[in-house]
Amino acid sequence: MVAAVGSAALYTDRYELTMLTAALADGTADRRCVFEVFARRLPDGRRYGVVAGTGRLLEQLADLRFDEDDVAWLQAEGVVDARTADHLRGWRFRGSVEGYPEGEVYVPGSPLLTVRGTFAEAVLLETLVLSVLNHDSAVAAAASRMTSAADGRPCLEMGSRRTHEEAAVAAARAAAVAGFSATSNLAAGRRYGIPTVGTAAHAFTLLHDDEDAAFRSQLAAQGAGTTLLVDTYDVEAAVARAVALAGPDLGAVRLDSGDLGELATQVRAQLDALGASRTRVVVTSDLDEFAVAALAAAPVDGYGVGTSLVTGSGAPTAGLVYKLVAREDASGAMRGVAKASPGKSTVAGAKRAWREMDGDAAVAEVLVVEGSAADDGAPVPGARPLQVPLVSDGVVVAGGTTGADGVRRAAARHEASRAELPAQARRLGRGEPCLPTEVRSAAPSR
């Protein structure tokens with residue numbers, strides 16, 4: 001039997017601990033450092049990204065420890081030496097974190113998270129931070145494209161059976177951040193206060209001797225406000241029986257196969273003719289943002305989305321990286337550092353982030369390098385600040401970021417942030433990020 005991982009501290013890559021071991025030995029482990037999380041580029045076809053997972057990350061960071069079983073296993077496997085083992089027994093993250101509020105949109109270069117602490121503290125957060133943010137932000141970006149294409153019609157998350165069991169809960173949360181109104185996942189409902197939905201599958205109809213018996217049973221158990229699945233056999237006949245049994249107050253019918261646009265049009269006309277004008281038409285069946293957009297003219301009242309959502313709709317990771325951008329030198333001063341690798345170069349120095357506005361419309365992302373000639377400590381004129389404190393001296397200070405309250409706040413932040421974006425942000429085809437990024441390090445010309 002494989003033993004379970006003792007704590008989230010081991011949700012990391014070995015090289016983080018081998019770097020720590022060497023840094024403890026050479027005396028650099030206590031150097032103050034600044035790491036930033038950012039995307040070099042957006043996944044193909046994306047015009048913006050969505051920050052998601054911050055609340056989940058803070059929940060884990062608050063209690064991040066190496067327990068004795070963790071340390072014993074690391075020593076037994078030869079991952080760490082005795083000095084590093086002793087260090088890990090008392091290891092805590094005592095640094096600070098600031099970042100974009102969860103739900104905020106971002107573009108390439110945006111410093112979504114800035115981690116400040118000693119090298120020994122900050123380096124060990126890399127894999128956990130990226131695991132959470134890369135997954136959740138990828139799902140949220142796909143969800144945002146879907147809710148944008150739905151143009152106010154509700155989207156329902158139904159992807160639990162298409163991913164890992166814990167990823168399913170995280171995906172439901174990320175979808176809610178980006179505007180999905182409900183989930184089929186009960187664990188997500190309990191943990192994060194997301195409304196849950198679900199009535200019956202085709203198996204329930206097939207269980208009964210005929211469709212009439214299945215509908216009667218469901219209506220008896222759930223009432224006339226339920227959603228009846230009408231495409232197991234003949235859709236037209238099923239809709240007629242559904243209204244006959246439930247009456248005009250039938251909550252909804254669901255279509256899960258065929259030409260959804262054509263069927264929705266036919267079913268809407270049939271429902272109206274039968275006096276069930278308030279009965280909604282909900283569609284499912286391997287939908288993605290393109291399918292949702294294609295159904296914009298159809299009389300559809302809601303979309304159930306599964307596989308494409310939980311897999312990021314073709315982009316299962318947000319492509320975020322965690323890079324050292326500043327560190328303490330031998331004199332005790334902070335200095336910016338950067339990679340010069342082709343295709344993977346970075347910009348030295350921690351950045352303060354602002355969104356330049358023209359009235360209520362966003363026009364650019366402005367990043368001011370701390371300590372540079374451009375950094376006078378003043379706000380950027382005509383811009384709103386993007387970063388907020390999340391952790392101070394190892395203590396989570398961002399109130400309302402976790403649990404159900406965190407999801408609600410993040411969803412509101414996303415709705416407001418997306419509304420600021422230019423019209424091209426809604427386009428689903430290939431194109432450039434919807435906002436340009438300006439990095440300021442030189443003094444302004446006079």
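Helix 6, formed by residues 126-150, has 25 residues and reaches 35 Å from its first C-alpha to its last, close to the 36 Å expected at 1.5 Å a residue, where the expected span is 1.5 Å times one less than the number of residues. The structure is a predicted model, in which local features need pLDDT of at least 70 and side-chain atom pairs count only at pLDDT 80 or more, while totals for chains, interfaces and linings use all residues. Residues are numbered from 1 along each chain as its sequence is written, and side-chain values use heavy atoms, with hydrogens and water left out. Helices (H or I, at least four residues) and strands (E, at least two) are DSSP runs, numbered from the N terminus.

Aspartate 151, which follows helix 6, has a positive phi, near 50°.

An open sheet of 7 strands, with antiparallel pairing, runs in the order 13-12-1-5-3-17-18. Its edges are strand 13 (334-336) and strand 18 (395-396), each with a single partner strand, so one side of each is left without a neighbour in the sheet. Two strands are taken to pair if DSSP finds at least two bridges between them; strand 3 (residues 96-99) and strand 5 (residues 113-118) pair in the antiparallel sense over 4 bridges, and the bridge partner of glycine 99 in strand 5 is leucine 113. Helix 6 packs on this sheet, touching strand 1 (32-39), strand 5 and strand 12 (320-328), and its direction makes about 140° with that of strand 12. Contact means heavy atoms within 4.5 Å, and angles run from 0 to 180 degrees between N-to-C directions of axes, which are lines fitted to C-alpha atoms, for helices over the stretch in contact.

A second sheet, also open, is formed by 6 strands in the order 7-6-11-10-9-8, and its pairing is parallel. Strand 7 (182-183) and strand 8 (227-229) are the edge strands, each pairing on one side only. Within this sheet, strand 6 (residues 155-157) and strand 11 (residues 302-305) pair in the parallel sense over 3 bridges, with tyrosine 303 of strand 11 as the bridge partner of cysteine 155.
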